[in-house]
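Here's a quick briefing to read alongside the model. Keep the 3D view open and follow along topic by topic.

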Amino acid sequence: DKGKGKGKGKGKGKGKGKVKRPTGPDLPRTRLSTEKASGEVVEWKGKYGWIRPAKAVDHAMAGKHKGKLYIHSQDLISADELKPGTTCWFHVFSDASGLGAEECIAEGDWDGD
């Protein structure tokens, strides 16, 4: 077929320097919660993990990750990681890839009265 493979303008932006699209913790967010919610850490994978909220989040994307919320280490207030089984408190947000937790504090990480 003539004409195939020529497609001008479809190149991968040579010489422009890679423009990284925001991913994971850098996606634009919309906060859904006004008060902190609680949940349990179900897995942690180095820089991010998943929290199962104590109460299901009422949102169209809530079922996207089997009801779990994404949490990134940069959203932890006083820790670098979370251990599975830990109870934590957080605000819920939505972004292009689903729901997540931000401003997260793990139980035992703050001074209570």
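What percentage of the contacts in the protein with a separation of 6 or more comes from residues 24 or more positions apart? The share is 63%, where contact means heavy atoms within 4.5 Å. A word on ground rules: this is a predicted model, local features need pLDDT of at least 70, side-chain atom pairs count only at pLDDT 80 or more, and totals for chains, interfaces and linings use all residues. Residues are numbered from 1 along each chain as its sequence is written, and side-chain values use heavy atoms, with hydrogens and water left out.

**Overall layout**

- The protein has 6 strands and 0 helices, running β-β-β-β-β-β from the N terminus. Both kinds of element are DSSP runs numbered from the N terminus: helices are H or I with at least four residues, strands E with at least two.
- Of the 113 residues, 32% are buried. Buried means under 20% relative accessible area, exposed over 50%, and partly exposed in between (1.4 Å probe, protein chains only).

**The nonpolar core**

- In soluble globular proteins, nonpolar side chains tend to be buried together.
- Here the largest nonpolar core has 15 residues, and I51, I71, L82, F90 and C104 touch the most other members. Such a core is a set of buried Ala, Val, Leu, Ile, Met, Phe, Trp, Tyr and Cys residues joined through side-chain atoms within 4.5 Å.
- Strands β2 (37–44), β4 (69–72), β5 and β6 (98–106) each give two or more residues to this core, and β6 supplies the largest share, 4 residues.
- Leaving out neighbours within four places in sequence, the contacts of I51 include L69, I71, L82, F90 and C104.

- S94 sits in strand β5 (residues 87–95) and counts as buried because its relative accessibility is 10%.
- Beyond residues up to four places away in sequence, S94 touches P28, R29, T30, L32, H59 and L99.
- S33 lies in the loop between β1 (30–31) and β2, and is buried too, with a relative accessible area of 14%.
- With residues up to four places away set aside, S33 touches H91 and V92. The C-alpha atoms of S33 and H91 are 5.6 Å apart, though 58 residues separate them along the chain.

**The largest pocket**

- Its volume is about 180 Å³, and its lining includes S33, K36, K55, V57 and V92.
- The lining residues divide into 5 nonpolar, 3 polar and 3 charged.
- A pocket is an open set of points on a 1 Å grid over the protein atoms alone, where a 1.4 Å probe fits, with protein on both sides within 12 Å along at least five of seven lines; lining residues have an atom within 4 Å of a point.

- Most residues other than glycine have a negative phi.
- K66, in the loop between β3 (48–53) and β4, has a positive phi of about 55 degrees, and is exposed at 76% relative accessible area.
- E103, in strand β6, has a positive phi near 50 degrees and is partly exposed at 37% relative accessibility.

Note on methods:
Points joined across faces, edges and corners; volume = space filled by probe spheres on them. Nonpolar A, V, L, I, M, F, W, Y, C, P; charged D, E, K, R; others polar.
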